[in-house]
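Visitor: I am new to this structure. Please walk me through how its terms are decided.

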Amino acid sequence: MLRAIYPGSFDPVTYGHLDIINRTSKIVDELVIGVLMNKAKMPLFSVEERVKMLKEVTGSIPNIRIVPFDGLLIEFARKMEATIVVRGLRAITDFEYELQMAQTNHKLDREVETMFLTTSLKYSYLSSTIVKEVAAFGGDITQFVPEAVIDRIKEKMS
């Protein structure tokens, strides 16, 4: 069985994330979406809220699991028995950081490979940070995130 992990904070989940999730789910037998509990960041949503939102917006995809994690990604990959880490790339600046992380992870465990997917052009500018900034100023975020996420963002921003 070919199992991959798509890790991220997903704070909030965007159409860009869903693009990578949908495309990867067609490549692998099982996709584990790893929701990072990063103590260094102050997320808008709790890890439980992010897991719940992801479950809502990916419910129609049969071969995914959504699992919160903290610590080293490579340890999470071992725990999930995954051999692939999937990362989305929007721009060259993403590549520089992601390449360094992929090389470090490969040094820690040679059995785990990193697969890069370029984000679809229509989402190449999109990030969770941009969504939060637009929402904070009362802008229209309907083109950035699924409907199930919009009200939750507005509620957190008020």
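Visitor: Which residue is the bridge partner of L31 in strand 3?

Guide: The partner of L31 is I64. This is a predicted model: local features need pLDDT of at least 70, side-chain atom pairs count only at pLDDT 80 or more, and totals for chains, interfaces and linings use all residues. Residues are numbered from 1 along each chain as its sequence is written, and side-chain values use heavy atoms, with hydrogens and water left out.

Visitor: What makes strand 2 and strand 3 a pair?

Guide: Two strands pair if DSSP finds at least two bridges between them. Strand 2 (residues 30-36) and strand 3 are joined by six bridges. So they meet the rule for a pair, and they run parallel. Strands (E, at least two residues) and helices (H or I, at least four) are DSSP runs, numbered from the N terminus.

Visitor: Why do strand 3 and strand 5 count as edges?

Guide: The open sheet has five strands in the order 3-2-1-4-5, with parallel pairing. Strand 3 (64-69) and strand 5 (113-118) each have a single partner strand, so one side of each lacks a neighbour in the sheet. From one strand to the next, the twist averages 30°. Angles run from 0 to 180 degrees between N-to-C directions, and axes are lines fitted to C-alpha atoms, for helices over the stretch in contact.

Visitor: Why is helix 2 called roughly antiparallel to helix 6?

Guide: The axes of helix 2 (residues 47-57) and helix 6 (residues 147-157) come within 10 Å and cross at roughly 155°. Angles over 145 degrees count as roughly antiparallel, under 35 as roughly parallel, 65 to 115 as roughly perpendicular and the rest as oblique. That crossing therefore makes helix 2 roughly antiparallel to helix 6.

Visitor: Which residues of helix 2 and helix 6 meet?

Guide: In helix 2, E49, K52, M53, E56 and V57 meet A148, V149, R152 and K156 of helix 6. Contact means heavy atoms within 4.5 Å.

Visitor: What is the space in the largest pocket, and what makes an opening a pocket?

Guide: The largest pocket holds about 1,100 Å³. A pocket is an open set of points on a 1 Å grid over the protein atoms alone, where a 1.4 Å probe fits, with protein on both sides within 12 Å along at least five of seven lines. Its volume is the space filled by probe spheres set on the points, which are joined across faces, edges and corners.

Visitor: Which residues lie nearest the centre of the largest pocket?

Guide: P7, G8, S9, R87 and E98 do, among 40 lining residues. Lining residues have an atom within 4 Å of a point. Helix 4 gives the most to this lining, with eight residues.
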